[in-house]
Each structure stands twice: as C-alpha cells, then as structure tokens.
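Subject: Handover of a structure and notes on it

Dear colleague,

Please find below the sequence and the structure that I am passing on to you.

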Amino acid sequence: MSPVSTACPSCGAPVEFRYDDTFVRVCSYCNAVVARADRGFASLGRMGDLAQSESPLALWVGGQLGGVGFQLVGRAQIAHPRGGGWEEWYARFDNGTWGWLSEAQGRFQLSFAVPLPGGMPPFEHLVPGQVLPVPLALEGHPPEQFTVAEVGAAAYRAAAGEMPYRLEPGLRFRFADLSGNRGGFATIDAGVDPDDPIALYLGREVTLAELGIAPTSSTGGPSAPEPGGRVPEKVAAHHVACVQCGGSLELRAPDSSLRVTCPYCSAVLDVNQGHLSYLRTLDKDTEALVPVIQLGTAAELEGRTQTVIGCLRRSVMVDGINYPFSEYLLYQPELGYRWLVESGGHWSYVSPVAAGAVAQELNGTWHAKRRFRHFQTATAQVDRIFGEFYWRVEIGEKTVMADYVCPPYMLSSEDGQGEIQWSLGVWMDSRDLSAKLTPPGQKAGSFELPGPSTSSVAPHQPFGHGGVFKVALVLGALLLVAGIVTASRASSRSIDVRFGEAVPAPVDPADPTATSIDAASAPASSIRFSEPFELHGGKNIEVQFDSALANSWLYVQADLVNDDTGMVDSFDAPIEYYSGVEDGESWSEGSEKVTVHLKAVPAGRYVLRVETQWPPGPSAPPLTVTLREGVFRATHLLIAFGALFLIPILVGLRRFLFERRRWAESDHPWLVGQSDE
Amino acid sequence: MSEEPPGAGRRRSSWLATTYAVVGAGIVGAYLWVALSGWEYERAARGVMPQSVRSSPGGYRSFHFWHSGFHGGK
C-alpha cells in the first residue's frame, strides 16, 4: 500500500489515494470525484454534500471481522427512487478484499462481491416475491434460498473517501435486493444499461459489535471530517415553520422523513433534508385526520422508547363494504420504523420482516417456524394522513395487501411499485398497549385506548382461554398416571367365602302374607351365614352375586358383619333375568350377575349373612357369592376424566364459535382455524 | 433478525386457565383420595348389631330387609 497524492482537478486541493486498488477519491473540499486515469487523474464530476445522518459510523474507522482487520475508507449516500435512501460504507480489509456495508434505518448488512452463479435469470426477468432458482452461498456459510425483495433503480447522491469502483455523480444504476431464508442478504447490481456486466454482492446482517466498531456518538453524529474538509451539512432544527401558514412543526425524524402534514393548515409538505416545500392542502373533512394516539407519544415497545410520528387512515373495500383501519408510525433511530395498527378497536404492533424469511408453500405461508393461513387479500387505499412519513405518501395511494394469520401473529405483504414488503404484527390487548403509551405532557399509565367490542374478533386475535387446553393435557396426563398407579396398586384380593346350610327365613308375625290365605303364593326365602373370614381393611370391597336364573328373579339382602365389633354393612342386590323370542326376535332383560361395592371397612374378622327371596314354587335358585378386597374402580377413573374434561369441552365449544366469527370476515368464511397459540 | 418476532411482552395465562388448573388439580387429588382410601358411594346402611342377635340365625332380620320392599317379577 503506497499512498498516492495529487491535486484535485477541480479545485486544486490535495487529494490522497491511500490504497492501490481504489478507483476514485472524493475531494474533501469540493466533492469532486477524482478518478485514476491512464495518464494521471480526472474529475468525473461533483457530488452533492453529504447529508446529516444519525449513522454511528464514520470514515476511517477501523474494525475487525473474523480476525481480519478493516477500515471504512469510503462512504456513499444513495437516493431511493421513491424518496429516502440508504448509505453504503466501503470496508477495505487487511487481506485485500472489499466489503460493502450498507446501512438503513439502524440496521447494517455487510456483503462481498461474489461470482454470478450459472442458472440465474436475466435481471429484466426478476420480479418482487420471486424465489431464485439457484441457492447462493457465502464462503463458510450454507447455501440459502433467496427471494427478490425489490427491483429498482437508484442514484448516487453524495459520497466521501475512496471507492473500489468507478462512482459517477448522478449515475442511476439498476439493482435488485434479495433476501435469504437464513437471514442472508444479496444485491444484484445491473449497472446502467442492459449491456453492463451484472455484479452480485452477498452477505448478511451484522451488528456493530460483531464488526468491533464502537458508535461514534450516542446520538449519531456526522462522519468525522477530514482535516481541512467540509463539515457535512447538518439538518435544520427539528422545529421548522410550515411554509404555508408559518405554524411551528416538529420533525421527529428529519433525516428520513419525506412528507409531513401541518396540523394547523392541513398542508402536505415535502421534506428534503429538513427543508420544506408545499405540495397541497388536505380537505379537512375527508382527508385530514385526528389520531387517537397523539403525535409525540412515547411507546415502550421492544425494550425501546419509540415515538409516534405519523398516522394514516387506510381502508379496504370488500363486497362493497368499506373496512377502515389506522396505522400509527413509530420511530426510534436504532430500531427504525415500526407500526401500531388499529382495526375495529383491535391493536397490533407491527415490525418489518425480510422477504427471504417468508416461505410460501402449498400448505401455507411460513415464517419463524410458524404456519400462517391466508386470511384476506384486498387493495388498501390511503384515505387520511397526519404527521410525518418516511415515504412520499399520497391520498389515494393503493397497494395490494395480503394477510396471513397464526394467532396472535399476522403476516402481511404489501405489493406495489417494484417492491414486496412483509411485516409481522402481533395482536395486543388495548389495556396492555395503553399502559405502554405516554402521550406528551401526560403521566405514564394515564392513557387509555378504546378497545374492541366484545363480539368482534380480529383476524389474529388469540383465543384468550387456549391455556385451558394445555392445562387439561397436563392434568389429563397426571390423572392417567394416577389411574395406572392405583390400578397397579389394587390387590383385588379374592376372599374365599364359604357358606353353611341355608335355613328357611323365619315367618314374621307382622307380615300379612304369612297368615293370609295367599300364604302359598308368598315368595319363598332362606338365610345363609358364611364362615368367618379376614379382611385387611382400608380398601374397598366388591361383592358379586351370580345366579343362573331363567325368567325369574332373586332378591338378595346381605349383611357384612364384623364379628368382633358387631358393625354391620347392610345392602341388597336384586337379580332378575328374563329372555324369550317375540316375533321371531330373541330378547333378554336384566342380568344374572349383580356387583355391589362397599367402602373400606376396618381390618378384622367378618361374616357375610345372605338372605334370599325368590318366587314361590320352584326351589331356591343357585347363588354364587364372590368377595374381593382392594378392587381397581375404572368407573371412578372415568368419572374423574369426565369431570376433568368438562370445562375443556365447554371451552372448546366456545373456541369453535370464536373461530367461526374470526373466519367469517375472511376470504375463506367456511374455514375454522385450527392453529392457535 | 431474531427468530422470535418482537412481541408485546410475555403473554398472560387467562383467569379461566388458572381457575381450571386449581379445580383440575382438585379433581386429580380427589380421585387419588378415593382410589387410595377405598371410598365408595355408599349403598349399604351401616349399623351395629349385638352379638346375641347375630348368633341367632332365625331371629336376626336386618333393618334393610324390612325396608327394601323388593318383590321382583315382571
């Protein structure tokens, strides 16, 4: 590296090329672009003055990436075709490579020139939203699928330092910005004419910390001027006067705002580096807007204090019905721009999303591993504006909006003017959002936003009680485990119950049938006592009576008697079983078995007394008695499951109705959403 | 860009989910108590019968017998 000094062909001031491999050097005094030529140096023309920006970077600042040092040796401000623009910094690495560090709205993307791979479509065929057929890979990184985010033409507005290419003042070059599905970033530079060579720059988003660069100042000052160089023009004070009525306007993002409305005379003013010019006056009745959230309101979101700087009222027309919604523009220098969107009293916080981070597949639209379902596509129109905007907003401006939902998120695309923009909104409770807003001159927490009507459902509003299903899953699993444990612990100990001889039941003198002339037709009965048996106690008892009945009945009355204490559990078990054939079809009724469950009794010695009655006439039907202790009760488990899932079932029904209301407003009213939370 | 979209803060669980968690835990607990204690919905009448009565098969007729009133038949 051998610095070369020369005199500026334009003004004669000293100009120094610090690097052998740079093409041009911008004169620090007159902004002339001095290019190396075959025979000396030539001026390619003069650039404009660098505009004041809040960039934390500065020329000649050094850094390090991957162990390789670099220095920012050049800087260019590039004008976007629709107003605004971005900055490019040229990093000369110690290993001789060049990096392009682009900066826009507080974000940095570092890219390097790479060979154009085969299979790339011609530049003229690129359209926003198109996925490139060939994956691109930066050295040391896996290949990525890239999506065309924007196709357009831009022009160099101002520059400083040295450039590794031939920068010509006012040159308008064609470009396409690409966004990768792994966070990659690429730019295709197609030059000025179709015959110009195509250059591809591939990189990714980086932070200043990754680059080992400390911001030049907390507020973001201008690039450090070179000795003897001119100080870049500083934007006028944030307070400016309306060129129409003289009213005092406050520009909260003077570097990037392109439009501002006057709150006094409703004039729409063009902003050019803080300079205002009158464009038109809004109709106060149909085009002006009184926002619910006051401009200048501080919003504590994403861990930063953002400021409300503008508000739009837009609308979509669906089936002849106008659906208006409001968009509040938030600004924070490090974050850039965000939005608060209100529709029908529902609020969303909206952030930009890289086009490459969205994948549109047959089964839905994917972002951040979430599947979004198409909700609605409509043309949105700007109806009213108020405040400050970073693009040249116009009343009547139209874009095609498509919304995809995965509550509480909504992914939206806006397609128009050679660019596809994706954004991600998250639904917010109006009370939660109110707590995060502090209008100027008010205390935090004193502001209250209007909320939605209770019957309305936003496209991405989460069903508020979805947590019940998660709790039900956990509790259901717990209950299942409890059931398995209790089933495995159930001893189901069979007790051998032996009975003595049956004796006829004594005749009760008080029984009128015993003494009547119908005594012969009275039911017969007998009593049996079992031999004593041991019960361990503390566990339930199952007594099963089994009798082979043929169109008859047997009434069993039993007593479980503690032989030591005299405690008696008295219960009955009616058994009846009838069957036959009627009209050629067999039928049966009742059962030959009856099972009775008794609650736990104390451990001890027990006797079972069984008294039976049966119809008069035939002999006593045979009766088998089986007794078990510690029986698993599946019925209890089923009852518990029923009780446990009653609330989730009701909540599920409510959710179904909720989802039906949600999708009723969509392009697919027959759909009822499944994915939620 | 981070994987997780910038949200509006941690989401709260609903009052219903919280209430249900408490009630549901009670149901699971109640089931465990029933299953482990041997509790049953009691159909049997419990009382105390003196030894002298019990030891006399002919003289012992349970309370239940006199009050059930079942006589069977279709």
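How many bridges join strand β36 of chain A to strand β42 of chain A? The count is six, with residues 541-546 forming β36(A), residues 624-629 forming β42(A), and the two strands running antiparallel. Please bear in mind throughout that this is a predicted model.

Helix α3 of chain A

Helix α3(A) covers residues 467-489, which makes 23 residues. At 1.5 Å a residue the helix should span 33 Å, and because its end C-alpha atoms are 33 Å apart, the expectation and the model agree. Its buried residues are G467(A), V468(A), V471(A), A472(A), L475(A), L479(A) and G483(A). Among the elements that cover them are α5 (634-664) of chain A and α1 (15-37) of chain B.

Contacts with helix α1 of chain B

How do the axes of α3(A) and α1(B) cross? They come within 9 Å of each other and cross at roughly 10°. An angle under 35 degrees counts as roughly parallel, and the two helices are therefore described as roughly parallel to each other. The residues that make this contact include V468(A), L475(A) and L479(A) on α3(A), and Y20(B), V28(B) and L32(B) on α1(B). By type, the contact residues divide into 17 nonpolar, three polar and no charged.

The axes of α5(A) and α1(B) also come within 9 Å, but they cross at roughly 175°. Angles over 145 degrees count as roughly antiparallel, so α5(A) and α1(B) are roughly antiparallel to each other. Taking part in this contact are, among others, L637(A), L644(A) and I647(A) of α5(A), together with Y20(B), I27(B) and V34(B) of α1(B). Here the residues divide into twelve nonpolar, two polar and no charged.

Yours sincerely,
A colleague

How values were computed
Residues numbered from 1 in each chain as written. Chains lettered and ligands numbered in written order. Predicted model: local features only at pLDDT ≥ 70, side-chain atom pairs only at ≥ 80, totals over all residues. Pairing = 2+ DSSP bridges. Helix = DSSP H or I, 4+ residues; strand = E, 2+ residues; numbered from the N terminus. Expected span 1.5 Å × (residues − 1). Buried ≥ 20, exposed ≤ 12 C-beta atoms within 10 Å, placed from the backbone. Contact = placed C-beta atoms within 7 Å. Axes fitted to C-alpha atoms, helices over the stretch in contact; angles between N-to-C directions. Parallel < 35°, antiparallel > 145°, perpendicular 65-115°, else oblique. Nonpolar A, V, L, I, M, F, W, Y, C, P; charged D, E, K, R; others polar.
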